[in-house]
Amino acid sequence: MSAVDTADRPARSVPTDAERLAALRRMKRVATGLLVAAAVVFAVSFALQDEVPWLGYVRAAAEGAMVGAIADWFAVTALFRHPLGIPIPHTAIIPRRKNEIGATLGAFVEHEFLSDDVVLGKLRSIGIARRLGGWLRAPANAERVTAEASVAVRGVLTLLGDDDVEDVIERLARRHLFEPEWGPAIGRVGARLVAADQQRAAVDVVLEKAEAWLEAHPEAFGSMVSDRLPRWLPGFVDRLVDDRAAREVLAFIRAVRADQGHPLRLAIDRYLAELACALQHDPAMIARVEKLKDELLESPRVREFAGEAWASVKTTLEESLADPSSELRAGLTSAVIEVGARLVADEGLAAKVDAWLTDAAAYVVRNYRHEIAGVITETVERWDPRETTEKLELQVGRDLQFIRINGTVVGALAGLAIFGVATAVHALV
């Protein structure tokens, strides 16, 4: 049966305690009414049987009905309390043996309902993964799961101490970022980048920005060169030299940009390759990088970085989880729907999920069945005897009243049969 079929099936109505109490009282009145009716019939027939002989059969039936009704009333009442308040032995069974009944019920549930065969057989037969998938792929259900998960995560974020999280981030940063040697790792990455000519793009960006800046600021060289010329030279010479220097530098940069094989580019490539090699194999270079790392490690900025990183992540998560229209919430909802669809469509995945859930349930049942069943025993032990009696009578008392009714009817038939047989035997004798 599919999840849809299960969802479409109307739920069985469970009576409330008030409804159970009304039904119990109604059945008690019916059973008591039959006893009273039998008593009235007995009284009338007993008084008139000498005048109307056939009323003897009526009297016998009424007498049997009363006996059966009273006996069954006694039996039913004795389960819950002392009949007429008289402490007759072996009555008020449930209040007196409440704890024993709870222990017996717990043991019964443990061995009969929480056995491996029952639990695992049921789990294998219902197809949990497919039912779960069918439920999750409904957008409304997926949004509900996402909303509940968001509330849970926000609660966890609220409970987490900022100082504790910052300590964890700092320890992780120290362990995974600062403990390993930086030089060889940087050198290996650099060597791969140089071998793939990835540095060319960076050089092009630098040259492009330099050219654009020089074109926008022709006065940048100013008197940079002319200040170094002799003072006795005329002023126009200074300006010519500065202009020429600016043009030469700009022309040089343009030449380097235009020529991929320019000596400056090749020199940069060689320098970067040598630097990558030194970072991997030169002890002195590695030591310099490690010294720089140690200085950075001792900097208070490491702790500040941990605090800033956590504050940023926490704020972003809280805002995204609180906003139903956020990309994070939308992504989570979409992921839940996709998971549900896959559980329905992918038989292999559904089988794996069913196996995981079955194994988990088997572990719980095998290791904690006694504790689970013990909840029943402990709950019953905590109940007040009077409360226990009322609870049980409310659950089964209405059905027990049928015993009184049946006892009245069966007693009437038995009384009539006995009287009839006795009369027939007496007539024959």
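At the start of helix 17, the backbone nitrogen of Gly348 has a side-chain oxygen of Asp346 within 3.0 Å. The model described here is predicted. Helix 17 covers residues 347-382 and carries a kink of about 75°. Two further topics follow: Glu393 in helix 18, and a nonpolar surface patch that includes Val41.

**Helix 17**
- The kink in helix 17 is centred on Tyr368.
- The buried residues of this helix are Ala350, Val353, Asp354, Thr358, Ala361, Ala362, Val365, Ala373, Gly374, Thr377 and Val380.
- These buried residues pack against helix 5 (98-113), helix 6 (116-126), helix 7 (128-136), helix 16 (327-345) and helix 18 (385-428).

**Glu393**
- Glu393 lies in helix 18, a helix against which buried residues of helix 17 pack.
- Glu393 has a relative accessible area of 8% and is therefore classed as buried, the cut-off being under 20%.
- Its side chain forms a polar contact of 3.2 Å with the side chain of Lys28.
- Apart from neighbours within four places in sequence, the residues in contact with Glu393 are Leu24, Lys28, Phe80, Arg81 and Arg398.

**Nonpolar surface patch**
- Val41, Trp54, Tyr57, Val58 and Leu416 make up a nonpolar patch on the surface.
- Together, these five residues present about 440 Å² of accessible area.
- Val41 belongs to helix 2, which spans residues 17-48.
- Val41 counts as partly exposed because its relative accessibility is 38%, a value between the 20% and 50% limits.

How values were computed. Residues numbered from 1 in each chain as written. Predicted model: local features only at pLDDT ≥ 70, side-chain atom pairs only at ≥ 80, totals over all residues. Heavy atoms only, no water. Bend = angle between axes of the 7 residues up to and from the residue. Helix = DSSP H or I, 4+ residues; strand = E, 2+ residues; numbered from the N terminus. Buried < 20%, exposed > 50% of the residue type's maximum accessible area, 1.4 Å probe, protein only. Contact = heavy atoms within 4.5 Å. Polar contact = N/O pair within 3.5 Å; in protein donor to acceptor, adjacent residues only side chain to side chain. Patch = residues over 30% accessible without salt bridge, like charges linked within 9 Å, V, L, I, M, F, W, Y side chains within 5 Å. Areas by Shrake-Rupley, 256 points an atom, 1.4 Å probe, with all protein chains shown as cover. Salt bridge = Lys/Arg side-chain N within 4 Å of Asp/Glu carboxyl O.
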